[in-house]
Amino acid sequence: MNLWQALVYFLREAAISLVRSWRVSLLAVLTIGVSLFVSGMLLLVSGNLSGILADWQARARIIVYLESDASEDQITTLRKTMAEAPGVVGVEYVDAKAAGENFRRSFPSLSDLVEGWKSEPLPPSLEVSLDPEMIDFAWVQGWTEEIRRRPFVEMVDDDQDWIKQVATAVALAQGIGIALGLVLLAAAMFTIASVIRLTAYLYHEEIAVMRIVGATEFFIRGPFYFEGFLQGLLGGLLATGSLFGVHYALKARYSASVWGGVFLEQAPSLGAQGFLIALGAVAGLLGAVFSLRREDLAAPTEDP
Amino acid sequence: MQARKILPPKNAVIQFFHVSKQYPGGQLALDDVSFELPRGDFVFLTGPSGAGKTTLLKLIFREEIPSQGQILVNGRNVASIPRTKIPFLRRTISVVFQDFRLIPRKTVFENVSFLPRILGADLSRQKRLAQEALDRVGLGHRMGAFPLQLSGGEQQRVSIARALINEPEILIADEPTGNLDPDLSEEILSIFHEINEQGTTLLIATHDRWLLERLGKRILTLRAGRLADDSQPLSTTEGETP
Ligand SMILES: Nc1ncnc2c1ncn2[C@@H]1O[C@H](COP(=O)(O)OP(=O)(O)O)[C@@H](O)[C@H]1O
Ligand SMILES: [Mg+2]
């Protein structure tokens, strides 16, 4: 038998066995499917959450309002100093004209109010974007005080409470995500392992017979490896299918609420789906490999 | 079936040299057993239950390993065959087990044709071989059944068909007629006789007195693990407990 024939043989045997022992197969597929579904749900929620947090983070900034007569040199120097400070992602100069346009765009009902003004309504400013995860807040406090004292700085709007909250939320979300992920992974491994122990027990006698008749380990193990792989693959498909269905149903129902928006904004990505299916297949295959490793130890043909 | 390759007639195919077997934590199941089986021989192994018959057979195809002594099959020390080569030893030895050892999740056809299938025979050849083997034991019509749908005697015959399919060099059977009524026993006996004529060496463990007396073949008798008697053809069988 060449390799190709062997693979066809394995696949055929695996498929037959999958159908004939459909109860055990179903149990394995469901176990893997449920584990992956729960993990996928977590992935989906944490994906959406981190998207939102990224959005919030982008809004973490300090605005330094300048005197309208600040010289270009002064602005450039300050800009450079601030850009080099730790935790600063970017510094953008918004001149008075742009600020005025922003204002009129953001608050059209108030635009009449400033219509007659000779000068622009708002001073020019430097908008400093921060990475909340990189900031030492005590240091930022001192730093903003120092900037505030510069002669050409009119005022500093530092909104630190907001930044602090976002930083805490990000850290918390990541911590909970990692912890929950680990717990789920352990639970999934445990359930998959028990299904595999069950099937290994069922296969034990069968494998002993194949050995006695003169089958090589390659031909004994191949079909079981394929069977595990197929079960995992089906479990992965089941999980992604359910994930899609559940996401769709929940989104239709809760999209109006805040939480719906937070957790259900994005559907599971193609990458995430592929990852779940591959994870299922690998889990099934590894399960078969490990259960037959135990089988190997029980073989009565140990060397003396 | 084709006649297999010609070899010197008195070439020993199975040799036991002072073989003892002690199971872990158990008593001595075999105690200093020595004998030779010439190629093409048809030999019975008998003795009361617990005498060590099954153990002796298991040592030949390396389901067990001797605690002492050496066993040669075709001149090769069975205990020192590397693990990866054991399947090749077993393909030359067909075994009919007392407890059948059929695969319950596979059909009669799949059980019987297992070896040809993994050796790469195509489906039509597998079918033909399985049909031939099953016809010989009168079960050609049960190819699609599962083992547990068959009676004990039928399962026994399926396991015999599986043993016949690859024209084995050596055939070992452990109480092959234990589950059969006399008519079927006679039929199985004639099948054994037939494949022995074609060159297969047979070693049959039984305490079926009728089987022993029927053919007047060489009989090895075990008692409490010791080879108590090795009577040559036509010698009178002494009375022993079945
Ligand atoms: N796997 C085993 N572990 C321990 N003792 C065993 C095992 N198999 C057989 N024995 C013991 O070895 C002796 C011989 O058994 P066996 O070869 O089955 O005899 P027989 O086939 O002649 O009835 C018996 O005392 C039996 O209890
Ligand atoms: Mg026995």
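This note goes through the ligand site, a surface patch and several charged pairs of a predicted model.

1. The shell around ligand 1 is made up of Tyr23(B), Gln27(B), Ala29(B), Pro48(B), Ser49(B), Gly50(B), Ala51(B), Gly52(B), Lys53(B), Thr54(B) and Thr55(B). Sorted by class, this shell has four nonpolar, six polar and one charged residues, and helix 1 of chain B, residues 53–60, gives the most to it, with three residues.

2. Oxygen atoms of ligand 1 come within reach of both side-chain and backbone atoms: an N or O atom in the side chain of Thr54(B) is 2.6 Å from a ligand oxygen, a backbone N or O atom of Gly50(B) lies 2.7 Å from one, and for the side chain of Gln27(B) the distance is 3.5 Å. Ligand 1 taken alone exposes 560 Å², of which the protein buries 62%.

3. On chain A, a nonpolar surface patch of about 540 Å² is made by Leu3(A), Trp4(A), Leu7(A), Val8(A) and Phe218(A), and helix 1 of that chain, residues 3–20, gives the most to the patch, with four residues. Leu3(A) lies in this helix and counts as exposed, its relative accessible area being 57%.

4. Arg218(B) belongs to strand 9 of chain B, residues 218–223, and is buried at 8% relative accessibility. The side chain of Arg218(B) reaches the backbone oxygen of Glu36(B) at 2.9 Å, and the side chain of Arg218(B) also makes a polar contact with the side chain of Asp230(B), at 2.9 Å.

5. Over all chains, the whole structure holds 19 salt bridges. One of them joins the side chains of Arg117(B) and Glu13(A), with an N to O distance of 3.7 Å, and this pair crosses between chains, from helix 4 of chain B (residues 114–118) to helix 1 of chain A. Arg117(B) is buried, with a relative accessible area of 5%, and Glu13(A) is buried at 7%; Glu13(A), Lys106(B) and Arg117(B) are linked in a network of salt bridges.

6. Within chain A, Arg148(A) and Glu145(A) form a salt bridge whose closest N and O atoms are 2.7 Å apart. Because these two residues are three apart in helix 5 (residues 137–148), about one helical turn separates Arg148(A) from Glu145(A). Arg148(A) is partly exposed at 31% relative accessibility, and Glu145(A) is partly exposed at 35%.

7. In chain B, Glu63(B) forms a salt bridge with Arg101(B), with the closest N and O atoms 3.1 Å apart. Glu63(B) lies in the loop between helix 1 and strand 4, and Arg101(B) in the loop between strand 6 and helix 3, so the pair ties together parts that are 38 residues apart in sequence. Both Glu63(B) and Arg101(B) are buried.

Key: Residues numbered from 1 in each chain as written. Chains lettered and ligands numbered in written order. Predicted model: local features only at pLDDT ≥ 70, side-chain atom pairs only at ≥ 80, totals over all residues. Heavy atoms only, no water. Near = heavy atom within 4 Å. Polar contact = N/O pair within 3.5 Å; in protein donor to acceptor, adjacent residues only side chain to side chain. Areas by Shrake-Rupley, 256 points an atom, 1.4 Å probe, with all protein chains shown as cover. Nonpolar A, V, L, I, M, F, W, Y, C, P; charged D, E, K, R; others polar. Patch = residues over 30% accessible without salt bridge, like charges linked within 9 Å, V, L, I, M, F, W, Y side chains within 5 Å. Salt bridge = Lys/Arg side-chain N within 4 Å of Asp/Glu carboxyl O. Buried < 20%, exposed > 50% of the residue type's maximum accessible area, 1.4 Å probe, protein only.
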